[in-house]
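Open the model in your viewer and keep the sequence panel beside it. Each stop below says what to select next and what is there.

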Amino acid sequence: MSKVNVNATFKRLQNRYRLVVMNDDTYEEVFTFKLSRLSVYIVLSTVFVLLVSLTVALLVYTPLRYYMPGYGTGRENRAELQVLKMKTDSLEQALQYKDQYLLNIKKVLNGDAVVQKDTTVLQVPKHDQSND
């Protein structure tokens, strides 16, 4: 039973049709095409594959590829990213130091600064002034 359906489907694909383009005013035939469903399917499939291939080639082999998300130059971007990360880290650290410095100055000006006194005893030798 399935062979009958396959044969019938294949025969239907091979049936020939005529496509006529006529001038509406004069009823003159402008173009005439003899087509089958199979030939139309093959032509449309070929056009689709060619369009997809041209689009992919355009994106892969031209500078348009840099506008696609996730596509980069690899090592160059990675090295540039590392340099930018190091600069960002050093800027963050400098900003923290500056903030701490300004906070300490503010405490000193307000009188809220806690002064840590030096409690170590220094052994200073006595100097005889008579020998000089």
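Select R37. R37 is partly exposed, with a relative accessible area of 43%. R37 sits in helix α2, residues 37-61. Helices (H or I, at least four residues) and strands (E, at least two) are DSSP runs, numbered from the N terminus.

This is a predicted model: local features need pLDDT of at least 70, side-chain atom pairs count only at pLDDT 80 or more, and totals for chains, interfaces and linings use all residues. Residues are numbered from 1 along each chain as its sequence is written, and side-chain values use heavy atoms, with hydrogens and water left out.

Stay on R37 and show its surroundings. Which residues does R37 touch, not counting those up to four places away in sequence? They are R12, L13, N15 and Y17. Contact means heavy atoms within 4.5 Å. Now draw a distance from R37 to N15. Their C-alpha atoms are separated by 7.2 Å, and the two residues are 22 apart along the chain.

Next, select S36. S36 belongs to strand β2, residues 29-36. Is S36 buried or exposed? S36 is buried, at 9% relative accessible area. Leaving out residues up to four places away in sequence, S36 touches L13, Q14, N15 and Y17.

Now select F31 and F33 together. A search of the whole structure finds one aromatic pair. F31 and F33 form that pair, and it is stacked: 6.2 Å centre to centre, with 15 degrees between the planes. A pair of aromatic rings is described by the distance of the centres and the angle of the planes. The rings that count are those of Phe, Tyr and Trp (its six-membered ring), and they pair if their centres lie within 6.5 Å; planes under 30 degrees apart count as stacked, over 60 as edge-to-face and the rest as tilted. Colour both residues by accessibility. F31 is partly exposed at 48%, and F33 is partly exposed at 40%.

Step back to Y27. Y27 lies in the loop between β1 (16-22) and β2. Check its backbone: phi is positive, about 55 degrees, although Y27 is not a glycine. At 61% relative accessibility, Y27 counts as exposed.

Move on to L64. Where is L64? L64 is in the loop between α2 and α3 (75-110). Its relative accessible area is 38%, so L64 is partly exposed. L64 touches L58 and L59, not counting residues up to four places away in sequence.

A113 is in the segment after α3. A113 counts as partly exposed, at 32% relative accessibility. Beyond residues up to four places away in sequence, A113 touches K107 and V108.

Last stop: zoom out to the whole chain. There are three helices and two strands. From the N terminus on, the elements run α-β-β-α-α. The radius of gyration is 43 Å, well over the 14 Å that the globule rule gives for 132 residues, so the protein chain is more spread out than a compact globule. That radius is taken over C-alpha atoms; the globule rule is 2.2 Å times the number of residues to the power 0.38. Turn the view along the principal axes: the C-alpha atoms fill a box of roughly 135 × 50 × 35 Å.

Now colour the whole chain by accessibility. Buried residues make up 1% of the 132 residues. Among contacts between residues at least 6 apart in sequence, 8% join residues at least 24 apart.

Notes. Buried means under 20% relative accessible area, exposed over 50%, partly exposed in between (1.4 Å probe, protein chains only).
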